[in-house]
Amino acid sequence: MRPYGKVSVRLGLGLVLCAVLGSEAAFAKVQVLPDAQLMVDGKTIKEHKRLLGQPVVKELLASFARAETAVQKEDLVALMAFYSPAYNYHGLKETDVRRVWGEVFMHYKAVESLHMLSDIKVRQVDSRLQAEVTCTGGLYGTEKRTGNRITLDSWFREVHYLVKEDGVWRFLGNAGEAPAAAPFSAAPHHPLF
């Protein structure tokens, strides 16, 4: 079995459930996969129930949930509160994020995302907590022009970087390569959330 076979099977099962139960049942969720692990304070926690009970995991999930609620409401102000002022993904800054989300909301309705977290690493960096969250998921929406439901983007084991600022977790950026070519007006969506 390939190293990511379990995650692929779970993603596949999630998509099947989505098809069977309808988009409302499977989308708009942030979930921690059963075989996920948390590394915090030099310790690794693998037991799912214990991992979910950790305050840092609850805080991270709450931040993702607030961002998802803002996406569903197309509330750009609330959504931007999820981003750190230091956000940077290969040169995309906070103002770029605002512009791209504005374009997404302009062209799509019923925008939702699915985040399946597989690994969480928390560490102290310069007196602040930072987290590396490995995530598989997608961003979905309905085209306003055609009414077609489409996948705007999907990602597999993308590493999201977050920082705890003013008592809440905020998005700093992602690991990975920047796209080789993307028009300025159509920056990729997945680095944003």
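**Strand pairing and aromatic rings in a predicted model**

Leu162 has Phe171, a residue of S6, as its bridge partner. The structure is a predicted model, in which local features need pLDDT of at least 70, side-chain atom pairs count only at pLDDT 80 or more, and totals for chains, interfaces and linings use all residues. Residues are numbered from 1 along each chain as its sequence is written, and side-chain values use heavy atoms, with hydrogens and water left out.

Strand S5 (residues 149-165) and S6 run antiparallel and are joined by six bridges; two strands pair if DSSP finds at least two bridges between them. The hairpin of S5 and S6 has two residues between the strands, and Asp166 takes a positive phi near 50° there. In strand S6 (residues 168-174), six of the seven residues are buried (under 20% relative accessible area, with a 1.4 Å probe and protein chains only). In the chain as a whole, 44% of the 193 residues count as buried.

Phe171 also belongs to a cluster linked by ring pairs, together with Phe64, Phe82, Tyr83 and Tyr87. Rings of Phe, Tyr and Trp (its six-membered ring) pair if their centres lie within 6.5 Å; planes under 30 degrees apart count as stacked, over 60 as edge-to-face and the rest as tilted. The count of aromatic pairs by this rule is seven. The pair of Tyr83 and Tyr87 is edge-to-face, because the ring centres are 5.3 Å apart and the planes stand at 90°. Both Tyr83 and Tyr87 are buried.

The chain contains six helices and six strands (DSSP runs numbered from the N terminus: helices are H or I with at least four residues, strands E with at least two).

Note on methods. Buried means under 20% relative accessible area, exposed over 50%, partly exposed in between (1.4 Å probe, protein chains only).
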